[in-house]
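Keep the picture open beside you as you read.

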Amino acid sequence: MDRHGTAAFWAPDAPPTGVTSTSGRLDPGSLLAHLVGDDPSRLLHVHEVPAREAQPADWPGWTDPNLLGALLGSGIEQPWSHQVEVAQAAHEGRHVVVATGTASGKSLGYLLPALTDLMAGANAPNGRGATALYLAPTKALAADQLNRVTGLALPGIRAATYDGDTPTDERRWIRDHANFVFTNPDLLHHSLLPGHERWSSFLRALRYVIVDECHVYKGVFGSHQAAVLRRLRRVAARYRSAPTFVFASATVAEPEAHATRLLGMPVTPVTTDGSPRAAMTFALWEPPMSTDENGAAKRTSTLTEVGSLMAMCVSDDVQTVAFARSRAGVEVVAKIARERVSGALEGRVAAYRGGYLPEERRALEKSLRSKEIVGLAATNALELGIDVSGLDAVLLAGWPGTLASLWQQAGRAGRSGERSLAVFVAADDPLDTFVVHHPESIFGRRVESTVFDPDNPHVLAPHLAAAAAELPITTDDFAIFGPQTRTLLDALVARGILKQRPRGWFWARDDRPSDHLSLRGAGEPVRIIETRTGRVVGTVDEASAHAQVHTGAVHVHQGQAWVVTELDLDEHAAHAVRGDPGWSTHAQSVSEFEIGRELEHEQWGPLRCSFGAVTVQGQVVSFLRRLPGGEVLGEHSLDLPVRSLSTKAMWWTMPVDELAAAGVDESGIPGAAHAAEHAAIGMLPLFATADRWDIGGVSTALHPDTGLPTILIYDGHPGGAGFAERGFRRARAWLGATRSAILSCECATGCPSCIQSPKCGNGNEPLSKPGAIALLDLTLRHAGPRVEGHRVEG
């Protein structure tokens, strides 16, 4: 396709009016022409994703006849090749991971062996000769899979969800009688494993553990999930069961390595997708520039642009899902779409996000499937596997975090086997600016490898404490938890958390260790407590508490604004009252870092690029109150302690004279380094499966440990999460893309699309766009091809 030459794309096939062909099918070219209207400059690139032919296979001979009849009756005449490959591996007792595209029917691969064995086990004296455990990262996905299984109406299958929505009186029945339990890692961690004695008959018969959407387990969340699965293996062994693990993933790089790291055992990969796929038209879109009331250049909000595009799709009866990254963004997109359609269509636009009640989620999904809803704004709660078919178009409001997520969200369109349209609309962010101007960064590029460290001591240590409370840890367990186990156990004993006895290591306290450990972060979570009632309305991870729920903060939880009246660090509690004061708050902070140990480095001529262990000292010192238009109402001091973060980082140093020769004099170094740091943080998610909120950065014109101007990018989690290391490995490509993102931005002096950061603790001062380009030019000129690298031993 011609970049910036989109008129040539749709002209040949466009009918005179409407966006469907004479057959009633969507014509993506005509729809794009309608969306563009009289401003084609917004459409930067159009790419055709070709159709894929089906690769059918025969049903396995061991499939239960009742199951086969139910599947045939539901319209599944023949399985695809990857479904049979997964089913056969699991049936033979081999751990397996399937990594194929959205809507490729991954679930049939694990349901064939699981349901066949569960029905055979129903003949056991207790009716549970075999059981299966299904783990999903969201409640909605588990509920959807339950509906799929119960809809088959198979004899002997007693399936149920067991999560935070399950009434107390149902929980005992599930523990005693269900043979297929659908839950999530959080409940496994907080309830099933600590109370494993009550699950003894279920665990004794455990045949399969299904880990769905396993690509979301990355960073610290991935480290937690790896520890939980090791705890599950250990508890299952206590009841003499050795279940087969089946992992299902969106298309990711190296799925075998990812699943093996999660489980701690070898896993067989299945990656050849045998399902058919219709062609998709994929467009890259950049909102237009305009001027504000002061005459300054300003880009149209991504949410406004997506809301307008969705309104046009709804008006054309094109069923569309628009993905936004936040709950608040979802509500904004839906609101704008409703405002811009005719009155009769307002009721056909809805919002979907996490946090809804189960009955609300179900009603919304049903309305979408029945086409009562034509336009839906959604967070990734829909991306994570809710089975919605027949969508015509997908709009993506900003980069969804990873290339894998981008393709998974885009794959929501065309599920009915017909042509579809996906439109990625760039946000004010360096990464978004880069990808819409560099289509090759999306199309024809491999998706990222997931990154996490199962041996992160800051994550593993509390899980060892939880494991000891479940069953005393013995030396036999060292093989399960890894080489650091003995060292971490000794540290837990020294702190009085565990006691060492001849028979192993025991939990030494009266409370439950799992109550102090959240899977979604590191450290003990901070509870948000409603002051009037004492009700816990939510939590934030410890690392974010100082910036998000400090005294005076306006914190948005599930779309509702709360004003924090007191942050009690000793009790890990933020007391808050409900209400929107009409302004937002933005924490201001100061940071510095100490280099603990350089683990590896590369010499880039006079420059040096390093990776190693660092300690970042950060302190939230004040907060700004801002009106919706950005006006600052005031700055208010805070008295919070310095937080120390021991983590992993990559950094590079540049001599002052080299910078001067490149056009950055000594007075300009702070602004140049700060701007380059911001842009590099924004671009790292293109090369590692990180969110920009998972990483941080510090830059300085003269660092005492290096004696030189230094830029450091670090993992924002204790012990590291693997993101900075991936940046070190891909430094040339990453920093090259960073330079291109800054250079291609249309602004003159810097904006959120290039060098400004939404999380800067210094109010985005000082920043220099020309200085950052010159600094990165210098860096890339000396980096060249990889010629010299050193691992520091010892």
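Predicted model: local features only at pLDDT ≥ 70, side-chain atom pairs only at ≥ 80, totals over all residues.

Helix H12 (residues 302–315) packs against helix H13 (residues 327–339) at an angle of about 45°, and their axes are 8 Å apart. That angle makes H12 oblique to H13, because angles from 65 to 115 degrees count as roughly perpendicular and those under 35 degrees as roughly parallel. The crossing in which H12 passes H13 is right-handed.

Which residues do the touching? On the H12 side you will find Leu303, Thr304, Val306, Gly307, Ser308, Met310 and Ala311, and they meet Gly329, Val332, Val333, Ala334, Ile336 and Ala337 in H13. Sorted by class, the contact of H12 with H13 holds nine nonpolar residues, four polar ones and no charged ones.

Two packed helices are described by the angle between their axes and the distance between the axes.

Helix H8 (residues 185–192) and helix H10 (residues 219–238) pack at about 50°, with their axes 10 Å apart. H8 and H10 are therefore oblique to each other, and their crossing is left-handed. Pro185, Leu188 and His189 of H8 meet Gln225, Val228, Arg231 and Leu232 of H10. This contact of H8 with H10 divides into four nonpolar residues, two polar and one charged.

Next, find helix H3 (residues 65–73) and helix H5 (residues 106–121). Their axes come within 9 Å and cross at roughly 140°, so H3 and H5 are oblique to each other. From H3, the contact uses Asn66, Leu67 and Leu71, while H5 brings Leu108, Leu111, Leu112, Leu115, Thr116 and Met119. By class, the contact of H3 with H5 has seven nonpolar, two polar and no charged residues.

Let's turn to a helix by itself.

Finally, zoom in on one residue. Thr433 sits in helix H17 (residues 430–437). Is Thr433 buried or exposed? Thr433 has 2% relative accessibility, so it counts as buried. Setting aside neighbours within four places in sequence, Thr433 is in contact with Glu286, Ala741, Ser744, Cys745 and Ser753.

Terms used:
Residues numbered from 1 in each chain as written. Heavy atoms only, no water. Axes fitted to C-alpha atoms, helices over the stretch in contact; angles between N-to-C directions. Helix = DSSP H or I, 4+ residues; strand = E, 2+ residues; numbered from the N terminus. Parallel < 35°, antiparallel > 145°, perpendicular 65-115°, else oblique. Left-handed = near helix turned anticlockwise from the far one by under 90°. Contact = heavy atoms within 4.5 Å. Nonpolar A, V, L, I, M, F, W, Y, C, P; charged D, E, K, R; others polar. Buried < 20%, exposed > 50% of the residue type's maximum accessible area, 1.4 Å probe, protein only.
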